[in-house]
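Here is a quick walk through one fold, written for someone who likes cut-offs spelled out. Have the viewer open as you read.

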Amino acid sequence: MNILPVGARTGAFPAHQKNVQEYIYVDKGRLQVILGGSDTFILNSGDSFYFEANIEHEFINHGEEICRYFLVIDPHRQFSDN
């Protein structure tokens with residue numbers, strides 16, 4: 001579980017290798033996801049989100065309370081022959 005205080009940002013995470021996926025579930029608050037420096041998505045409590053993580057990505061607490069979210073990084077396709 002990850003917690004971001006009001007107005008906090010993670011800073012930009014570098015791109016993962018090809019075929020790495022990330023899954024997000026927002027348990028509480030509001031989370032802004034920025035992909036590739038420009039594509040922006042707003043997630044609210046109860047929302048989930050998936051993206052191919054081979055681009056730079058950043059998370060920002062875009063709400064008025066703490067943001068609590070779960071993040072799963074799935075590299076399994078990176079190692080498959082498909």
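## The three-stranded sheet

An open sheet runs in the order β4-β3-β6, and its pairing is antiparallel. Strands here are DSSP runs of E with at least two residues, numbered from the N terminus, and two of them pair if DSSP finds at least two bridges between them. At the edges sit β4 (39-44) and β6 (57-61), each pairing on one side only. Neighbouring strands of this sheet are turned by 20 degrees against each other on average, direction ignored; the axes are lines fitted to C-alpha atoms, and angles run from 0 to 180 degrees between N-to-C directions.

Zooming in, β3 and β4 share six bridges in the antiparallel sense. Leu35 has Asp39 of β4 standing opposite.

## Ground rules

This is a predicted model, so local features need pLDDT of at least 70 and side-chain atom pairs count only at pLDDT 80 or more, while totals for chains, interfaces and linings use all residues. Residues are numbered from 1 along each chain as its sequence is written, and side-chain values use heavy atoms, with hydrogens and water left out.

## Partners of β7

Strand β7 pairs antiparallel with β2 over seven bridges. It also pairs with β1 (residues 2-4), again in the antiparallel sense, over three bridges. Tyr69 turns up in both pairings: Asn2 has Tyr69 as its bridge partner, and Val26 stands opposite Tyr69 too.

## The nonpolar core

The largest nonpolar core has 15 residues, and Ile24, Leu31, Val33, Phe59 and Tyr69 have the most contacts inside it. (Such a core is a set of buried Ala, Val, Leu, Ile, Met, Phe, Trp, Tyr and Cys residues joined through side-chain atoms within 4.5 Å.) At least two of its residues come from each of β2 (21-28), β3 (30-35), β5 (48-52) and β7 (67-74). The top contributor is β3, with three residues.

Take Val33: leaving aside residues up to four places away in sequence, Val33 touches Ile24, Asp39, Thr40, Phe41, Leu43, Phe49, Glu58 and Phe59. Contact means heavy atoms within 4.5 Å.

## Asp74, tucked away

Is Asp74 buried or exposed? Asp74, which lies in strand β7, counts as buried because its relative accessible area is 18%; the labels are buried under 20%, exposed over 50% and partly exposed in between, using a 1.4 Å probe and protein chains only.

Beyond residues up to four places away in sequence, Asp74 touches Asn19, Val20, Gln21 and Tyr23. Glu64 is 10 residues from Asp74 along the chain, yet their C-alpha atoms are separated by 30 Å.

Technical notes:
Helices (H or I, at least four residues) and strands (E, at least two) are DSSP runs, numbered from the N terminus.
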